[in-house]
Amino acid sequence: MKLFNEPSPLETKIISFRFGLENSASIDTYLAHDGYKALRKALEISPDDIINELKASNLRGRGGAGFPTGMKWSFVPRASEKPKYIVVNADESEPGTCKDRLLIQHDPHQLIEGCLIGALAVGAKKGWIYIRGEYNYLIHIMDKAIAEAYKNGYLGKNICGTDFEFDLYTHTGAGAYECGEESALLESLEGKRGVPRIRPPFPAISGAFQSPTLLNNVETFSSVPAILRMGGQAYADLGVPRSGGTRLVCMSGHVNKPGVYEVPLGFPLMKFVNEIGGGVWKGRALKAIIPGGSSSPLLKAEECDIPMDYDSIAKAGSMLGSGGLMVMDETTDMVKVALRIMRFYQHESCGWCIPCREGTTWLKKMLQRVSDGHGQTRDIDLIGDLAQNMMGRTFCPLGDAAAMPTIAIVKKYRNEFEEYVARNPFASPELVSIA
Amino acid sequence: MTFSPELEAKFADLVTHYPEGRQRAALIPMLMFGQEEVGSITPEFMEEVAKRLGLNTMQVDEVVGYYSMLHKKGMGKYHVQVCTNVACMLRGGAELYDHACHKLGLGHKEVSADGVISLEEVECMGACSWAPAIQVNYDFHHEVTTEQLDTILEGLKK
């Protein structure tokens with residue numbers, strides 16, 4: 001299938017090297033390019049050895065939280081009498097993120113192989129790929145790949161002539177950002193409203209159908225075959241300490257060459273924007289970057305001279321998150337950005353817990369008021385305070401995801417909010433903040 | 001309520017994907033695939049799905065109410081969805097949506113009088129690097145200009 005953007009010579013292609021090959025989604029192309037070699041290797045070693053390779057690789061979850069994958073896999077109780085399940089989170093909906101879509105579109109067998117290795121590691125016999133409803137065409141691509149894998153003996157019973165068996169299915173979502181949160185995804189998989197579950201127990205202990213479940217993002221599972229092929233240490237060495245390997249970064253916004261590019265963890269952020277992305281468009285100056293999807297606090301231009309790995313971005317006060325990197329030029333109106341982000345979270349809040357449901361609703365109303373030119377100075381303080389009060393007080397991370405970017409924008413671009421208020425003829429500067 | 005043989009086969013297959021006694025898991029896929037044929041989530045359709053999965057209609061209704069792609073009100077034959085979320089907004093998604101509103105004379109989730117076209121302002125659809133993006137039913141269109149949008153919309157009216 002045609003590529004959506006030209007690859008860059010600066011990329012390190014480990015999980016995207018089959019993108020752009022003729023019929024890259026077919027099993028023939030996959031087998032001709034190292035396909036299912038990692039599975040054969042995994043069949044020869046013990047589950048503990050698989051998990052140790054993953055631990056050595058320093059692979060961290062690519063969905064957003066960045067939890068060490070090897071550790072997550074080791075939490076699944078293999079000795080449990082309950083069936084064990086594999087669930088793939090392909091509910092990619094964090095604004096700014098469009099990488100899992102390409103991984104399924106161009107290389108569905110890589111994901112299947114990742115699931116099979118996961119199944120070997122935890123003793124699972126069944127798995128589901130939860131694909132967001134909007135990605136309907138990917139369900140067809142994935143179903144076709146799954147059918148090919150069954151036909152060629154890579155799914156079903158007696159996989160590769162051994163007694164290993166595994167069944168894999170696709171499962172469609174129906175439009176809900178919240179279902180990207182792992183426990184809400186499991187509720188949705190079971191045919192219910194996508195409302196998060198209280199944790200612990202974590203999915204590794206009690207996940208899909210109350211059984212131990214290995215749940216990872218598409219990119220995380222898709223990275224596993226390469227790790228087994230090249231060895232955990234070699235994969236880790238591609239990145240930096242504590243952030244191993246490569247990841248797909250989705251560059252969007254005001255750049256000349258937006259697109260999805262695979263780079264090693266620790267790749268310099270500004271080099272990524274300027275050399276891979278061709279710099280800020282229209283010859284304008286950089287204003288800010290959202291480094292990891294809309295829930296990650298934005299970084300001002302002067303804060304962007306950092307490497308892209310989990311720890312460096314965290315040190316700068318943001319998150320590498322889902323790899324959704326949005327670039328904003330000097331003309332960007334930060335009040336409008338804050339409002340649009342909050343409109344999204346307000347729409348997507350599942351309504352289950354009050355700090356999130358009410359918090360996002362009131363934040364949206366206040367941001368709308370400022371944006372419409374009816375804001376007061378105390379609104380600016382109240383927006384910051386309310387967002388701060390949501391932090392850590394919601395049932396799932398959606399509340400934090402809404403609060404974090406808001407706090408950062410109000411703090412870093414307070415002057416723009418004040419300019420909006422100053423344009424309000426009815427603003428009452430003498431009123432003191434009620435907060 | 002009867003469905004086409006293809007959809008019946010799909011439903012029969014779906015329920016085998018989940019562990020024994022957990023057939024409720026097939027609910028959302030059944031609603032999504034069924035909606036394509038039925039046109040919308042009608043009360044009869046909900047009742048039928050509830051009956052087949054051993055649920056009561058209320059349990060189906062509360063699920064339908066949660067998900068933004070399940071529509072109780074029928075949308076147009078061509079459902080035009082314009083993303084205005086941040087990545088698309090930065091590259092003109094909001095203007096594109098305004099343009100579509102004026103061009104079609106429709107607002108958010110409104111359907112044209114002849115039932116051919118409906119419009120919806122949607123949240124991030126996963127096309128951020130190729131923004132602004134729209135979806136017509138399930139088909140993606142990337143880096144859409146207002147001129148291209150006009151061409152796409154003209155094409156739908158024929």
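In this predicted model, the C-alpha centres of domain 2 of chain A and domain 3 of chain A sit 23 Å apart. The contact (heavy atoms within 4.5 Å) draws 13 residues from domain 2 of chain A and 13 residues from domain 3 of chain A. For bounds, the assignment gives domain 1 (27–238), domain 2 (246–329) and domain 3 (334–422) in chain A; such bounds come from an automatic or database domain assignment.

Before going on, some housekeeping: residues are numbered from 1 along each chain as its sequence is written, and chains are lettered from A in the order in which they are written. Since this is a predicted model, local features need pLDDT of at least 70 and side-chain atom pairs count only at pLDDT 80 or more, while totals for chains, interfaces and linings use all residues; side-chain values use heavy atoms, with hydrogens and water left out.

Back to the two domains. Domain 2 and domain 3 of chain A bury about 1000 Å² between them, with carbon and sulfur atoms giving 66%; buried area is the accessible area (1.4 Å probe) that two parts lose on being put together, summed over both. There are 2 salt bridges between domain 2 and domain 3 of chain A, a salt bridge being a side-chain nitrogen of Lys or Arg within 4 Å of a carboxyl oxygen of Asp or Glu. A:E303 and A:K412 also meet through their side chains in a salt bridge, at 3.0 Å from N to O. On the domain 2 side that touches domain 3 of chain A, strand 8 (286–290) and strand 9 (299–300) each supply at least two residues. Strand 8 of chain A gives the largest share of that side, 3 residues. Helices (H or I, at least four residues) and strands (E, at least two) are DSSP runs, numbered from the N terminus.

Chain B has an open sheet of 5 strands in the order 2-3-1-4-5, with mixed pairing. Strand 2 (110–111) and strand 5 (139–141) of chain B are at the edges with a single partner strand each, so one side of each has no neighbour in the sheet. Strands pair if DSSP finds at least two bridges between them. Strand 1 (residues 78–83) and strand 4 (residues 134–136) of chain B pair in the antiparallel sense over 3 bridges, and B:V80 stands opposite B:V136 in strand 4.

| Bond | Omega | Loop holding the proline |
|---|---|---|
| A:R199 to A:P200 | about 0° | between helix 8 (182–189) and strand 4 (213–217) of chain A |
| B:A131 to B:P132 | near -5° | between strand 3 (117–122) and strand 4 of chain B |
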